[in-house]
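Here's a quick look at a few residues picked out of one protein model. Have the viewer open and follow along.

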Amino acid sequence: MTGHNAPHCAPTARPAAAPTTLPAAPSSDSPADSSSTDTARPTATDHPTVTDHPTRWHVPVIGGLPADQRLIGGARELATRLVSALLDRVPVYRRLPREQLTGELTRDAERRIRALAHAVHTGLPAPAEEFTDVREAAARRAEEGLPLDAVLLAHHLGLEVCWEFLTRDAHAGDAADLLLLNRLLLDQLRRAAIAAGAGYLDGQRSAGDRRSTARQSLLTALLAGTPTEEAAARAGTELPAGYAVLCLSLADHPDEYSPGIDPGIAARRKLRRFGAELDHRTRQSALTSLTPSGGLVLVPLDTAPDPATDPTDGRVAEELWPQLSAALAAAARAAGVPVLAGAAAAVPAEVPGAAALAYEVLDVARTFGRPPGLHRLDDVLLEYQLTRPSRARSRLAALLDPLADGGELLTTLRTHLAGGLNRRHTAGALHLHPNTVDYRLRRIAVLTGLDPARPSDVLRITAAIAARTAEQSGSARRPTEPPSPAGQL
């Protein structure tokens, strides 16, 4: 199969497959057209095999055209036909996203066809390392939950379609070349099936991999605040000076709601892409506990956070946060979804507190509609403070109660503040005439006693909106009852 288990035609730099039931080659005693029979061509009894030295190789000629040329000439058409046959005869593949089918699988199928043409031209079997992609693709199919029989059937189907394409114009005198071609294709299928079976088992074992288990044990110990030295030794690592703790929220991918696509496969594919890019950006040093909806990431720091600050929000080199923000943005692009993150830094012993703070920052950012990306406590100081329950917060929120029955007034006020108090920006955002905006702002001043045009009132209005948002979201927690880090994963 291809790197994504597209119908497999053959490898060299990549994999191949063969028919389960091959169309019968013409009988050697059937009448042959002497005008189309090359007397120099070997017979079925003396044909070289695919394991012979390439100097003895004879490129099979089917229907008057060398088989390798036939494959090259129809590579693009045949690749499309292979993917179509896969969807018709292996229904489980219909659950894959259309972008994966029409993009990666079709491109990989065409590349495999060209690789098969090379094998037909040289007569050399592909070396074992050429099937690495087959093995890795089968491992991914196992992780996505596709059954093993479907993965193996896709390889058989791919070569069956290739065989039918190659032999549809066969002449009666092509029996010897058909036999040789049959042997080569079966050799490709044998190698592909072995690689796919081994890769599928690799995928099933990946969740139980010992290194992964050890790293998860280290993450658990850090979040629980228990001794970590032994867990770090089992994971084959040393504890860093500190950790940047990221609490993530991953949005759903559109494929998770597309009709006919398995949402579980789409979600796991999204998570795999996100995790792979994050691993690349952090040089596989991060400890992660992720699900398709989000989770927790601990990124090692070379420098300890400043102990003079709150140990659960330690200051680190200012260039670190832009680097982490860029890494998060790259991983989000790879996954194809917006990602929102709360972040804090701490020494290893203070990771539980940092994880609780990162979760609270994420919650505040989500409540107040902050854009996707990485957010620290410094980015949401006012909103964070106003989400802590107090008499002052309730009183601030109540300042806007007179606007509760006029939904358009509160929306206008929020938009006006978000737009920097620019009446033309507010009018454009709400599709209103500027005079209508002026009228609404005057009405707000009458009802609340707070005038958005008066600088001394702007701060109170901003605080009141934040307090009201916090009250309505119900996201505030008692300071003495922080969320458990373990419960956030």
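## Ground rules

This is a predicted model, where local features need pLDDT of at least 70, side-chain atom pairs count only at pLDDT 80 or more, and totals for chains, interfaces and linings use all residues. Numbering starts from 1 along each chain as its sequence is written, and side-chain values use heavy atoms, with hydrogens and water left out.

## Valine 361

Let's start in helix H11, which covers residues 351–367 and holds valine 361. Helices here are DSSP runs (H or I, at least four residues), numbered from the N terminus. Is valine 361 buried or exposed? It counts as buried, because its relative accessibility is 0%; the cut-offs are under 20% relative accessible area for buried, over 50% for exposed, and partly exposed in between, with a 1.4 Å probe and protein chains only.

Leaving aside residues up to four places away in sequence, valine 361 touches Gly342, Ala343, His375, Arg376, Leu377 and Val380. A contact means heavy atoms within 4.5 Å. Histidine 375 sits 14 residues from valine 361 along the chain, with 7.1 Å between the two C-alpha atoms.

## Two positive phi angles

Leucine 421 isn't a glycine, yet its phi is positive, at about 65°. You'll find leucine 421 in the loop between helix H14 (407–418) and helix H15 (423–430). With a relative accessible area of 35%, leucine 421 is partly exposed.

Histidine 431, also not a glycine, has a positive phi of about 60°. Its loop runs between H15 and helix H16 (434–448). Histidine 431 is exposed, at 73% relative accessible area.
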